[in-house]
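Please prepare a short briefing on the structure shown below, covering confidence, strand arrangement, disulfides and aromatic contacts.

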Amino acid sequence: MRAVMMSGCMILAMMAPALAVDLPFPDGTYVTDPALCALSPQERVAQHGDMVGAMVLNVKGEAIDNGYESFCRVTRVRESSNDIRADLACSSEGEQFPVAWQLTRHDQTSFTIAGRTYRRCS
C-alpha cells in the first residue's frame, strides 16, 4: 500500500506488482568469461570485487541477479527473431528502479547485452 497526495487529499493506493515473465533462456549462470564458471560466487567477488556485477548473470525463471548486489524481476519480454527486449524491475543497495535491456540472442544459451556477451556455464 502506498500513500498518494492528490489535490490536497491523502489517498491510500494499493500498488499491484507487475506480472513477472521468464527470459527465453534456460535457467543457469551466464558469464562473460568461461573461467568464472569454475569459481564459487565468493571466489568471483574476491577476485573481481564489484566488477563481478558486470560479468555474471544468474537466471532463474523471471528472477535475475548479477552475483553481487543487483536483483531483478523480468516484467515484460518482446522477441523479434534474435532481437529481445526485456523490461525489469530491479533493486540494488535498497533502491528500486526499472531497467530496459536490449539483448541479441546468439543461440539458446548465449546473448549480448550492451556489448557484453554472456554464455551459460554448463
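Which handedness does the link of Cys-37 and Cys-121 have, with its angle about the S-S bond? The link of Cys-37 and Cys-121 is left-handed, with -85° about the S-S bond. This is a predicted model, in which local features need a pLDDT of at least 70 and side-chain atom pairs count only at pLDDT 80 or more, while totals for chains, interfaces and linings use all residues. Residues are numbered from 1 along each chain as its sequence is written, and side-chain values use heavy atoms, with hydrogens and water left out.

**Confidence**

- The protein chain has an average pLDDT (the predictor's confidence in each residue, from 0 to 100) of 86, and 84% of the residues score at least 70.
- Among strands (DSSP runs of E of at least two residues, numbered, like helices, which are runs of H or I of at least four, from the N terminus), confidence in the protein chain is lowest in S1 (residues 2-6), at a mean of 37, and highest in S10 (residues 116-120), at 98.
- Over residues 1-17 the pLDDT is below 50, and beyond near neighbours in sequence this stretch has 16 contacts (heavy atoms within 4.5 Å) in the model.

**Barrel**

- Eight strands close into a barrel in the order S3-S4-S5-S6-S7-S8-S9-S10, with antiparallel pairing, where two strands pair if DSSP finds at least two bridges between them.
- From one strand to the next the twist averages 30°, an angle taken between N-to-C directions on a scale from 0 to 180 degrees, with axes that are lines fitted to C-alpha atoms, for helices over the stretch in contact.
- Strands S5 (residues 63-65) and S6 (residues 70-80) pair in the antiparallel sense over three bridges, and Ile-64 has Cys-72 in S6 as its bridge partner.

**Disulfides**

- A search of the whole structure finds two disulfides, each a pair of cysteine sulfur atoms within 2.5 Å; with the bonded cysteines of the protein chain numbered in sequence order, the pairing is 1-4, 2-3.
- In the disulfide that joins Cys-37 to Cys-121, the S to S distance is 2.0 Å; Cys-37 lies in the loop between S3 and helix H1 (41-48) and Cys-121 in the segment after S10, so this pair ties together parts that are 84 residues apart in sequence.
- Cys-37 is partly exposed, with a relative accessible area of 31%, whereas Cys-121 counts as buried at 12% (buried means under 20% relative accessible area, exposed over 50% and partly exposed in between, with a 1.4 Å probe and protein chains only).
- Cys-72 and Cys-90 form a disulfide with their sulfur atoms 2.0 Å apart, and the torsion about its S-S bond is about 110°, so this disulfide is right-handed.
- Cys-72 lies in strand S6 and Cys-90 in strand S7 (residues 83-92), so the pair ties together parts that are 18 residues apart in sequence; Cys-72 counts as buried at 13% relative accessibility, as does Cys-90 at 6%.

**Aromatic pairs**

- A search of the whole structure finds four aromatic pairs, where rings of Phe, Tyr and Trp (its six-membered ring) pair if their centres lie within 6.5 Å, and planes under 30 degrees apart count as stacked, over 60 as edge-to-face and the rest as tilted.
- The rings of Phe-25 and Tyr-30 have their centres 6.4 Å apart and their planes at 70°, so this pair is edge-to-face.
- Tyr-30 and Phe-111 form a tilted pair, 5.2 Å centre to centre with 40° between the planes, which links Tyr-30 in strand S3 (residues 28-31) to Phe-111 in strand S9 (residues 110-113), 81 residues apart.
- Tyr-30 is buried, with a relative accessible area of 0%, and Phe-111 counts as buried at 1%.
- One aromatic cluster is formed by Phe-25, Tyr-30, Phe-111 and Tyr-118.
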